[in-house]
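Please look over the structure shown below before reading the notes that follow it.

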Amino acid sequence: MSVKRFMAAAPVFLACLAASGCMVTSSKYEIKTREADTLRDAFAAVSKEKTVLESRNEALNKQLADQKEAVASLSARVRNQEEELRRTSEELAAARKNYEGTRITREQFINELLEKEKATGKRIQELNGKAQACELSLESVRKEAAVREAELAGLRRSVLDPDECEAMKRERDILVGRVERLTGERRQEDKRRDERLAALAESIRKISAEVVLTPLGPAMSVHIPDKVLLAKGKTSLSEAGREIVAELGKAAGEFPSSSVLLSAGGKGLAEEIRDYLVGGSKIPPGRIHFKPGDRERSAELTLLVP
């Protein structure tokens, strides 16, 4: 069957589907497909939740590292202020020694010392104020770091809890196993369908080499010319035509989800082929959709195995 003929028959096939309801009843394949989708969604949700927890853990670790850097910076500033205070005290001691060795009056010496003491006291007050501010800031940072540590510890317990992780791993392994099993079963079904369609094509070629076979993925189109389909000088099926129809019907009966699209010249011929498929090959009538033609006496049968 040519692509042009297949495209011409497609609207008729869709109209037949709309008139007769669902072409294919619920099957084991559809159930397993829905189960695989459900399991895949569950597995994706578990993986997504795990990814979100890992992202939160990384963000909290980064925030904690930043807080630790801030604490280290403040501690360094406090040490610098203490070092500056020590140097000032040493300068003051050196100045006192210098003044004790100079020839100045007692009053001048006392005045200078008082001025130095005032300046030093002011400087010490400034440094003390800065140190207290640093201590307060450091205490605040320590409290915030403790809170972050507690949050991080809680997250680690929730993420790294051995029982919970083990349960999640078991659930993940079960889901992966089910998906692999369903995928393997689907591959086996596809392989069995392809092998059966190949065997069908070989059987039909043995009956008649003039039959045109067109593989269409999960389907196969069989075009039977009139000289093979009909008995000589008659309008009924020939022996070769019956054998070809029987082979196709037998292959269709092996797949619960299969269906046959039939197009034949003349209503009587189409009904005869349909009745032969239903009666001889035991195919349910609901899985056979036919369209009688007006001009050609040949027949086209398309076996669909989704």
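A residue is called buried when its relative accessible area is under 20%, exposed when that area is over 50%, and partly exposed in between, with a 1.4 Å probe and protein chains only. This is a predicted model, in which local features need a pLDDT of at least 70 and side-chain atom pairs count only at pLDDT 80 or more, while totals for chains, interfaces and linings use all residues. Residues are numbered from 1 along each chain as its sequence is written, and side-chain values use heavy atoms, with hydrogens and water left out.

**The chain as a whole**

- The protein chain has seven helices and five strands, where helices (H or I, at least four residues) and strands (E, at least two) are DSSP runs numbered from the N terminus.
- Followed along the sequence, these elements come in the pattern α-α-α-α-β-β-α-α-β-α-β-β.
- Of the 306 residues in the protein chain, 28% are buried.
- Among the contacts (heavy atoms within 4.5 Å) with a separation of 6 or more, 74% are between residues 24 or more positions apart.

- Two strands count as paired if DSSP finds at least two bridges between them, and β1 pairs with β2 in the antiparallel sense over five bridges.
- These two strands form a hairpin with two residues between them, and glycine 217 in the turn has a positive phi of about 70°; within the pair, threonine 214 stands opposite serine 221 in β2.
- Strand β2 is also joined to β5 (residues 299–304) by six bridges, and the two run antiparallel; methionine 220 has leucine 303 as its bridge partner in β5, and alanine 219 has leucine 304.
- Six bridges likewise join β3 (residues 259–265) to β5, again antiparallel, with leucine 261 opposite threonine 302 in β5.
- Six of the six residues of β5 are buried, so this strand is largely enclosed by the rest of the structure.
- In a regular strand the side chains alternate between the two faces of the sheet.
- In β5, Ala299, Leu301 and Leu303 lie on one side and Glu300, Thr302 and Leu304 on the other, and all are buried.
- In β2, Ala219, Ser221 and His223 point one way and Met220, Val222 and Ile224 the other way, and all of these are buried too.

**Helix α6**

- Helix α6 (residues 239–253) has 15 residues, which at 1.5 Å a residue should span 21 Å, and its end C-alpha atoms are 21 Å apart, in agreement; the expected span is 1.5 Å times one less than the number of residues.
- The buried residues of α6 are Gly241, Ile244, Val245, Leu248, Gly249, Ala251 and Ala252.
- Seen down the helix axis, these buried residues of α6 fall within an arc of 160°, so they line one face of the helix; the arc is that of the directions from the helix axis to the C-beta atoms.
- The face of α6 turned away from its buried side carries the exposed residues Glu239 and Lys250.

**Two single residues**

- Isoleucine 224 is in strand β2 (residues 219–224) and counts as buried at 1% relative accessibility.
- Leaving aside neighbours within four places in sequence, isoleucine 224 is in contact with Val211, Leu229, Ile244, Ser298, Ala299 and Leu301.
- Isoleucine 224 and glycine 241 are 17 residues apart in sequence and 7.8 Å apart in space, C-alpha to C-alpha.
- Serine 208 is in the loop between α4 (162–207) and β1 (212–216), and this serine 208 is buried, with a relative accessible area of 11%.
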